[in-house]
Amino acid sequence: MADIYEWLEVADDSRHRLGQPKRIHQASLSVRMDDGSLRVFPAWRVQYDDTRGPTKGGIRFHPDVTEDEVATLSFWMTLKCAAVDLPFGGAKGGICVDPKTLSRMELERLSRSYIRAFHDVIGPERDIPAPDVNTNAIIMGWMVDEYAQIERRHVPGVITGKPLGLGGSIGREQATGAGALQVLDMWVKRQHQEPGDLRVAIQGFGNAGQHFARLAHDAGYNIVALSDSQGAIYSEEGLDPAPILRHKNRTRELKGMVYCDDSVCDAAQTQPLSGDDLLELDVDVLVLAALENQITDANADRVRAGAIVEIANGPVSTGGDRVLQDRNIPVIPDIIANAGGVIVSHLEWVQNRMGDYWSGEAVEKQLRRRLEREANACFNLAEEKAIPLRTAAYIQGVGRIVDAMAQQGTQGYFNGHHG
Ligand SMILES: NC(=O)C1=CN([C@@H]2O[C@H](COP(=O)(O)OP(=O)(O)OC[C@H]3O[C@@H](n4cnc5c(N)ncnc54)[C@H](O)[C@@H]3O)[C@@H](O)[C@H]2O)C=CC1
Ligand SMILES: O=C(O)CCC(=O)C(=O)O
């Protein structure tokens, strides 16, 4: 961050404030299992900075979740919301759990207990959670219901990414993938390339990766490889994500894909591949849509992709980034590439507060307009100043945050309603 602060001539006060999270909330969630036993799960909500508005960010269920991880993700949320000019600060939540080991009822009890633990520190004008890794609209539905039961009133704006029947927005589910495709399209156009000429490999086939894959295939990109946590598949002829998704929904993994009957993905055309090998394929675009630290200084020198799109948060480590920069492999950074999700979350929150709901076209138009403006600003800054896209995106985000900090005055942060 030092170079960004130097560039923007950020005052020491703001550097100190951006140097650590404003609040870290931790809880131990006691949950009754179906067999009558009790399990306790560590959980966090970290609210990094609320200078520009209520804090915003998803909740992750994963066995590797730690306080440090949640805090880092909350910092990136802060930068992301500012980089695309949303009136939000940044937060993130997490529970250290392997959700695949829980029954549906256990998962519901765990989700509701998260809200009971953090009820006092969230709210539509305070901190607004949303889905992230291993959480989805069903879980957001349980959570918003738990919040309403505690409050004894409807409060749909406390959580976004909800089911449509509980005040969710049309378009939120595909927003992250759709936004990432829009940003990639803009970048491809600037390189005077055509989607039909580009071979794409995608790591991660969950909410973000699936929608990206489907929309990119429809837009003419040639998807040659896909992976999930269990394995990867590859086809020189190109993969159609729709039947692959049907197979994954049936079997819960991509690995067995070679045995699929469907003509577009039969054994003759589709080869299994290791997840690590996917990262090193000779493709035009490598899309990272799984977890952090997938490209590091240990494997960045073996990346053969022409460009990388970060749909996941932090999939390229700082060391990996340095190697890719030295090798002139452009990285379209997470805080722009995956911002479609939080942009439509903002639209959902606005609709909840208005008590009126928009068509899919209206949501899509607003998403496109904001991303076009903010991604172009980032691309232009990177080009004008000959700096990496990530540096440009950080300058865009940090610049807005430190301006808002300065506008609060020297006392506001400590004595005002943000304290
Ligand atoms: N869902 C959303 O709206 C947003 C998600 N993101 C980020 O996108 C990333 C993915 O999130 P979601 O799709 O929502 O999660 P998800 O839980 O729906 O899917 C995650 C996918 O990654 C796969 N995966 C995990 N480890 C892997 C590995 N080592 N190799 C290959 N695949 C692996 C899983 O099998 C699964 O397919 C995360 O970094 C998340 O923070 C960012 C912005 C918004
Ligand atoms: O939709 C949101 O509020 C946040 C989604 C999220 O966690 C992210 O962008 O990383």
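Reader: Hi! Let's start with α6 and α7: how are the two oriented to each other?

Author: In this predicted model, the axes of α6 (residues 172-190) and α7 (residues 207-218) cross at roughly 50 degrees, so the two helices are oblique to each other. Their axes come within 7 Å.

Reader: And what is the hand of that crossing?

Author: Right-handed, as α6 passes α7.

Reader: Nice. Which residues of α6 and α7 meet there?

Author: From α6, you have Glu 173, Gln 174, Thr 176, Gly 177, Ala 178, Ala 180, Leu 181 and Leu 184. On the α7 side they meet Asn 207, Ala 208, His 211, Phe 212, Arg 214, Leu 215 and Ala 216. Sorted by class, the contact of α6 with α7 has eight nonpolar, five polar and two charged residues.

Reader: Good one. Staying with α12, how does it pack with α13?

Author: Helix α12 (residues 340-354) and helix α13 (residues 360-385) are at an angle of about 130 degrees, and their axes are 10 Å apart. That angle makes α12 oblique to α13. Here too the crossing is right-handed.

Reader: Which residues does that contact use?

Author: For α12, they are Gly 340, Ile 343, Val 344, His 346, Leu 347 and Gln 351. For α13, they are Val 363, Gln 366, Leu 367, Arg 370 and Leu 371. In terms of class, the contact of α12 with α13 has six nonpolar, four polar and one charged.

Reader: Where is Gly 123, then, and is it buried or exposed?

Author: Gly 123 is in the loop between α4 (104-118) and β5 (127-131). It has a relative accessible area of 5%, so Gly 123 is buried. Leaving aside neighbours within four places in sequence, Gly 123 touches Ile 128, Tyr 147 and Val 158.

Reader: New topic: Ser 227. Which strand does it lie in, and is it buried or exposed?

Author: Ser 227 belongs to strand β7 (residues 222-228). Its relative accessibility is 2%, so Ser 227 counts as buried.

Reader: What is Ser 227 in contact with, beyond its neighbours within four places in sequence?

Author: Ile 202, Gln 203, Gly 204, Phe 205, Ala 232, Leu 254 and Leu 278.

Reader: Last one, zooming out. What domains is the protein divided into?

Author: Domain 1 covers 21-156 and domain 2 covers 175-337. Their contact takes 13 residues from domain 1 and ten residues from domain 2. The C-alpha centres of the two domains are 28 Å apart.

Technical notes: Residues numbered from 1 in each chain as written. Chains lettered and ligands numbered in written order. Predicted model: local features only at pLDDT ≥ 70, side-chain atom pairs only at ≥ 80, totals over all residues. Heavy atoms only, no water. Axes fitted to C-alpha atoms, helices over the stretch in contact; angles between N-to-C directions. Helix = DSSP H or I, 4+ residues; strand = E, 2+ residues; numbered from the N terminus. Parallel < 35°, antiparallel > 145°, perpendicular 65-115°, else oblique. Left-handed = near helix turned anticlockwise from the far one by under 90°. Contact = heavy atoms within 4.5 Å. Nonpolar A, V, L, I, M, F, W, Y, C, P; charged D, E, K, R; others polar. Buried < 20%, exposed > 50% of the residue type's maximum accessible area, 1.4 Å probe, protein only. Domains from an automatic or database assignment.
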